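Good morning, and thank you for coming.

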Amino acid sequence: MTDFRFGLFRLVPFPVHGWLDMLTGIALLAVPFLFNFEAGSAERNLSLALGGVSVITWFITDWKADTRSLMTDKNT
């Protein structure tokens, strides 16, 4: 639903997509501590890994890049 090249509906601006990704990453990092996952369990490790990758990806992506709207630009 992101307003980007491969978005199906292109409703969500790219920077908003980025903030949703960051919130998801933070939530994934917090889940093992909020629900007391057992240390070393697959669930804990998966949640921490996915959250870490999501947050790192957020930091290395230029979410404020000047992107044109693919909904209105007929040159794509």
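Let me begin at the end of helix H1, which is followed by Asn36, a residue with a positive phi near 50°. Helices here are DSSP runs of H or I with at least four residues, strands are runs of E with at least two, and both are numbered from the N terminus.

A word on the basis of these values. This is a predicted model, in which local features need pLDDT of at least 70 and side-chain atom pairs count only at pLDDT 80 or more, while totals for chains, interfaces and linings use all residues. Residues are numbered from 1 along each chain as its sequence is written, and side-chain values use heavy atoms, with hydrogens and water left out.

Asn36 lies in the loop between H1 and H2, and it is a residue other than glycine. Is Asn36 buried or exposed? With 66% relative accessibility, Asn36 counts as exposed; the cut-offs are under 20% relative accessible area for buried, over 50% for exposed, and partly exposed in between, with a 1.4 Å probe and protein chains only.

A positive phi also occurs at Arg10, about 55°, although Arg10 is not a glycine. Arg10 belongs to the segment before H1 and, at 23% relative accessibility, counts as partly exposed. Leu11 is placed in the segment before H1 as well, and its 56% relative accessibility makes it exposed.

Let us turn to H1 itself. Which residues of H1 are buried? They are Phe14, Gly18, Met22, Gly25 and Pro32, and the buried residues of H1 pack against helix H2, residues 42-60.

The largest nonpolar core has 5 residues, namely Phe14, Met22, Val55, Trp58 and Trp63. H1 and H2 each supply at least two residues of this core. By nonpolar core I mean a set of buried Ala, Val, Leu, Ile, Met, Phe, Trp, Tyr and Cys residues joined through side-chain atoms within 4.5 Å. Leaving aside residues up to four places away in sequence, Met22 touches Val55, Trp58 and Phe59, where contact means heavy atoms within 4.5 Å.

Finally, the chain as a whole: it comprises 2 helices and 0 strands, and 22% of its 76 residues count as buried.
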